[in-house]
Amino acid sequence: MSAQPGIDRGHTDDLMSFLRASPSPYHAVASAAERLEKAGFRRMEETAPWDGAAGGRYVLRGGAIIAWYVPEGAEAATPYRIVGAHTDSPNLRVKPIPDTGAHGWRQIAVEIYGGALLNTWLDRDLGLSGRITLRDGSHHLVTVDRPLMRVPQLAVHLDRSVNTDGLKLDKQRHMTPIWGLGGVEEGDLIRFVAEETGVAAEEIAGWDLMAHSVEPPAYLGRDRELVAGPRMDNLVSVHAGTAALIAAAHQELPYIPVLAAFDHEENGSQSDTGADGPLLGTVLERSVFARGGAYEERARAFAGTVCLSSDTGHAVHPNYAERHEPGHHPRPNGGPILKVNVNQRYATDGAGRAVFAAACERAGVPWQSFVSHNSMPCGTTIGPITAARHGISTVDIGIAILSMHSARELCGAQDPRLLAKALHAFLGA
């Protein structure tokens with residue numbers, strides 16, 4: 001099999017392993033934490049006192065993780081360099097009363113999470129993942145990574161206009177997965193989850209469960225220069241940010257490198273684990289105070305801090321090029337993209353552009369610019385939220401992908417590695 005020259009597949013192979021191990025935000029932060037632990041980072045409990053000693057630390061809360069490395073000699077007012085990302089992706093989430101069905105089919109009641117491309121979840125083999133909470137307050141990951149559910153599409157014989165008038169899906173009526181035959185039995189799904197997880201069903205007091213595609217990520221194309229896989233938006237950035245932070249640790253730095261990976265970006269970030277919550281600010285402030293600082297040092301540290309908000313952006317689509325801004329056509333394997341919107345849907349300004357360009361130059365990484373077509377509404381990220389909530393200079397970047405918010409997205413095989421190199425240069429150079 002031929003291979004595209006210049007593609008170093010080591011990082012991308014590792015990304016594909018990370019994607020497979022991270023079917024939910026709770027799995028994603030567990031995967032990141034495992035890598036950080038191996039690199040010498042230690043978990044900090046939010047309810048315990050913190051010290052200001054040098055070294056790597058992280059806080060885990062739900063589907064969010066904040067990790068940082070304090071270099072030797074760091075002062076209380078030492079500023080931060082932050083890579084921001086998010087762990088969640090649009091999908092189907094299990095409802096509080098999950099057992100449903102009709103006409104001899106057993107089904108699972110789901111709610112649509114985020115701006116999912118609904119048609120991409122049709123006729124796809126789905127597993128079940130997330131977490132359960134026991135009566136004692138402990139959490140357990142749930143991983144059913146085999147074909148368990150399916151949302152069947154209506155046959156063309158019963159919808160003769162589907163190829164002319166387009167597919168029309170009702171979120172309530174048409175997106176309920178099937179998972180077997182027979183009558184509806186209350187508590188059936190949770191009993192199944194208990195067996196899969198190895199706990200007693202009566203001990204399960206709560207759950208945060210979701211569907212995921214069980215098809216693994218894979219290289220695509222004649223020369224395998226592309227990667228197709230689930231949850232690239234935005235686990236590509238979580239993986240790259242984790243790798244960059246680990247690579248930056250143990251260096252003599254004039255700032256403190258940080259990874260901040262939040263949950264709930266896809267529905268507005270307003271939660272205790274979202275970017276619009278207090279988690280990041282609390283962690284950074286406690287780190288300042290643990291090093292002997294007070295409000296003055298906190299203000300000085302934040303004033304010198306820069307955040308790269310790393311999320312995916314739109315590659316130019318060959319079949320819909322008219323939907324893109326004519327002068328800005330990001331291409332796969334062209335390097336990370338700088339995302340700009342003057343109406344502050346992205347937080348980038350000219351000063352931030354200079355910071356990003358300098359990091360890419362140090363890393364020897366090409367980069368591209370992205371701006372939306374004037375007639376197309378622009379999406380947003382955690383970037384403007386981070387800038388406004390914490391008064392931190394923030395720059396929006398990412399990699400260019402196709403099929404954003406699909407159950408299976410597409411990117412260049414080289415771009416994840418180029419992003420990680422740029423993030424390392426930003427954190428550690």
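Which residues does I204 touch, not counting residues up to four places away in sequence? In this predicted model, I204 has its place in strand β10, which covers residues 204-213, and the residues that I204 touches, with those up to four places away in sequence left aside, are I132, T133, L134, I190, A194 and V199. The relative accessible area of I204 is 7%, and because buried means under 20%, I204 is counted as buried. From I204 to K421 the separation is 217 residues in sequence, and in space the two lie 43 Å apart when taken from C-alpha to C-alpha.

The packing of two helices was also examined. Helix α1, formed by residues 9-20, packs with helix α5, formed by residues 232-248, at an angle of about 120 degrees, and their axes are 10 Å apart; the two helices are therefore oblique to each other. The crossing in which α1 passes α5 is right-handed. On the side of α1 the contact is made by H11, D14, L15, F18 and L19, while α5 contributes M232, L235, V236, V238, H239, A240 and A243. Sorted by class, the residues of this contact between α1 and α5 comprise 9 nonpolar, 2 polar and 1 charged.

Helix α1 also contains T12, a residue that counts as buried because its relative accessibility is 0%. Again without counting residues up to four places away in sequence, T12 touches Y219, V227, A413 and P416.

Methods. Residues numbered from 1 in each chain as written. Predicted model: local features only at pLDDT ≥ 70, side-chain atom pairs only at ≥ 80, totals over all residues. Heavy atoms only, no water. Axes fitted to C-alpha atoms, helices over the stretch in contact; angles between N-to-C directions. Helix = DSSP H or I, 4+ residues; strand = E, 2+ residues; numbered from the N terminus. Parallel < 35°, antiparallel > 145°, perpendicular 65-115°, else oblique. Left-handed = near helix turned anticlockwise from the far one by under 90°. Contact = heavy atoms within 4.5 Å. Nonpolar A, V, L, I, M, F, W, Y, C, P; charged D, E, K, R; others polar. Buried < 20%, exposed > 50% of the residue type's maximum accessible area, 1.4 Å probe, protein only.
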